[in-house]
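Please look at the structure below and follow the text through it, one region at a time.

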Amino acid sequence: MTQQKWLTKCTQLLCSILLVLGIWCLPQAALADNQQEINSILQTREIALEAINNRDFSKVQPYLHPSFTITTVDNQVFHKVPEFEKYWNQQFSSTIQNIKMNLTGDTVRTFLSPEIVVSSGEALATFAFKDGKAADMGMRWTAVLQKLQDKWTIQSLHFSSNLLNNPVLNAAQGLGRTIAIAAGVGGFLVGVVTMLVLRRQPMKEIPAQNN
């Protein structure tokens, strides 16, 4: 009986050890799998960020969901890469020379399912203007990613900013003031020149009319 009790205790101890190992390994395996998914998500994010900063959207197109949506800071909505690329390149046709975007702070990430994740965070866009000036604009972003064929694709992307602190709007207003001042100075100079020309012209005698 003593030997049987000893075997029973050994069996119970072995089962307990295996149970503890199983409980410990399951979270570690899940954590490892989740970290792999996060690394894939970060890869998609870096490719998208590089496409925006380098104005090259050919590499990011495979990482966009077939029905993706992007909403820009000025409330423009796009569903096709060529349309967004045209919009983005138009930003550099007036006062803006370059835009560089960097992500700041921590990213909040929520898995709605193993194939869908919602991420949000903050970004800083640095605007370089053609007059040599530069300005920063803080933004918030929210992205929904869906896993398709072992690749995390961007299903929707939304940007927002503080409308009261918009460097592009401030630059446009400054340009408007400059044009207004230039127009005013130009009008003043034209008026002065006109007066000088009129003063230099000899007055013609008006012939007397016979009654």
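Start with Asn 53. Apart from its neighbours within four places in sequence, Asn 53 is in contact with Ile 99, Lys 100 and Met 101. The model is predicted, and Asn 53 is part of helix 1 in it. Is Asn 53 buried or exposed? Asn 53 counts as buried because its relative accessibility is 14%, and the limit for buried is under 20%.

Next comes the nonpolar core. The largest nonpolar core holds 35 residues, and the members that touch the most others are Phe 57 and Trp 88. At least two residues of this core come from each of helix 1, strand 1, helix 2, strand 3, strand 4, strand 5 and strand 6. Helix 1 gives the most, with 6 residues. As background, nonpolar side chains tend to be buried together in soluble globular proteins. If neighbours within four places in sequence are left aside, the contacts of Phe 57 are Ala 51, Ile 52, Val 81, Phe 84, Glu 85 and Trp 88.

Now turn to the strands. Strand 3 and strand 4 run antiparallel and are joined by 13 bridges. A hairpin of 2 residues leads from strand 3 to strand 4. Ser 113 has Ile 116, in strand 4, as its bridge partner. On its way, strand 4 covers residues 116-129, and its side chains alternate between two faces. Which of them are buried? Val 117, Ser 119, Gly 121, Ala 123, Ala 125, Phe 127 and Phe 129 point to one face and are buried.

Thr 126 has Asp 136, in strand 5, as its bridge partner. The hairpin of strand 4 and strand 5 has 4 residues between the strands, and Gly 132 takes a positive phi near 95° there.

How many cavities of 30 Å³ or more does a search of the whole structure find? The search finds 2. The largest cavity has a volume of about 220 Å³. It is lined by 18 residues, and those closest to its centre are Arg 45, Ala 48, Trp 141, Ala 143 and Leu 157. Helix 1 (2-54), strand 3 (96-113), strand 5 (134-148) and strand 6 (151-161) each supply at least two residues of the lining of the largest cavity. Helix 1 has the largest share of this lining, 7 residues. By class, the lining of the largest cavity has 13 nonpolar, 3 polar and 2 charged residues.

The second largest cavity has a volume of about 170 Å³. Of its 14 lining residues, Val 60, Leu 64, Phe 68, Ile 70 and Phe 84 are the closest to its centre. Helix 1, strand 1 (64-71), helix 2 (81-90) and strand 6 each give at least two residues to the lining of the second largest cavity. Which element gives the most to this lining? Strand 1 does, with 4 residues. The lining of the second largest cavity has 12 nonpolar and 2 polar residues, and no charged residues.

Key:
Residues numbered from 1 in each chain as written. Predicted model: local features only at pLDDT ≥ 70, side-chain atom pairs only at ≥ 80, totals over all residues. Heavy atoms only, no water. 1 Å grid on protein atoms, 1.4 Å probe; cavity = no way out; pocket = protein on both sides within 12 Å on 5 of 7 lines; lining within 4 Å. Points joined across faces, edges and corners; volume = space filled by probe spheres on them. Nonpolar A, V, L, I, M, F, W, Y, C, P; charged D, E, K, R; others polar. Buried < 20%, exposed > 50% of the residue type's maximum accessible area, 1.4 Å probe, protein only. Pairing = 2+ DSSP bridges. Core = buried A, V, L, I, M, F, W, Y, C linked by side-chain atoms within 4.5 Å. Contact = heavy atoms within 4.5 Å.
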